[in-house]
Amino acid sequence: MVVQSILWQDNQVVLLDQTQLPENEVYLQISDYRELADAIKKLKVRGAPAIGISAALGVCLGAQKINTQNYQEFKTQIDAVIEDLAATRPTAVNLFWALDRMRKIIDAGSDGDVDLLKHRLLQEALSVQESDKKMCRQIGEHGANLLSDGDRVLTHCNAGALATGGIGTALGVIYVAQAQGKRIRVFADETRPLLQGARLTTWELQKADIDVTLICDNMAAVVMQKGWIDCVIVGADRIARNGDTANKIGTYNLAVLAKYHQIPFYVAAPSSTIDLSIGGGSAIPIEQREPEEIIFGFGRQTAPREVKVFNPAFDITPAELITAIVTEKGIIYPPFNFVV
């Protein structure tokens, strides 16, 4: 693995602070679930699978601080912890999937042994992390079949080891293909406004000795027009039942451009990202972030203070623009009619 961004160590959550990359590699030692919730909100940890893992471990942090042996009292307090963690980010379905797994452990623990329940919660959280590690590897192995020696891949945001518990989803495909001996070149979008592609993806790929070229978001059409891109691979934060996909803002742009230039557009994500409760993309909640991220990007004012700002964190790519979805279970081609 290139880097491990989340660890459970000495009854603490250890996070690689992604807001400080690429300048500084700083690990945070977090012992309070509220501090972890704040880290999720402030994108110190990000990426749908990583958010889910962090939230599950956050439940364990909360459980450690509950001093009661009464099951009902414990359940009341831990339910409040889960609600606080669930309120951090609305779009990434893995957050709610992981917390639902933790809720099931709590609901099954009504035998009254609170200490045993705390142990079971930790084992479940670690299982969430280990499962994601295995799923990333499987996604990579399936997705690598879509790549040929010499392919040039365009990706957006960061869907690698920094965003998951393993080698990543979109980047996991690239890592496995490279390990198979395929020479893969990557073009990484800068990914405005928080520059996850520039700050994180290029940093991660360089650590893995992958050939990567950084481009601004508005250069994607040009590199496609020049014939420099063989496919686009992105991750996903939530996939609706019909295949509509929510991912980092700017993904929809790439899908439209790829369609025009007849370039395959692939989504790589664990099956837990598929939300069967949502029929189409219009029902996916889109997180709206603060205007300051654009007006004062990275501490410098780049726009008038009072200007109106539209700053969604994600957009929806319609299923008809997606060539295939790669999960740990295999490659899925249209029509994407996932069943309940």
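View 1. With a relative accessible area of 27%, Cys216 is partly exposed, where buried means under 20%, exposed over 50% and partly exposed in between, using a 1.4 Å probe and protein chains only. This is a predicted model, in which local features need pLDDT of at least 70 and side-chain atom pairs count only at pLDDT 80 or more, while totals for chains, interfaces and linings use all residues. Residues are numbered from 1 along each chain as its sequence is written, and side-chain values use heavy atoms, with hydrogens and water left out.

**View 2. Cys157 and Cys136.** The closest cysteine sulfur to that of Cys157 belongs to Cys136, at 15 Å, too far for a bond. Cys157 counts as buried, with 7% relative accessibility. The structure holds zero disulfides.

View 3. The three strands are ordered 1-2-3 with antiparallel pairing; strands (E, at least two residues) and helices (H or I, at least four) are DSSP runs numbered from the N terminus, and two strands pair if DSSP finds at least two bridges between them. Strand 1 (6-9) and strand 3 (27-30) are the edge strands, each pairing on one side only.

**View 4. The pairing of strand 1 with strand 2.** Four bridges join strand 1 to strand 2 (residues 12-16), and these two strands run antiparallel. Leu7 has Val14 in strand 2 as its bridge partner.

Technical notes
Disulfide = S-S within 2.5 Å.
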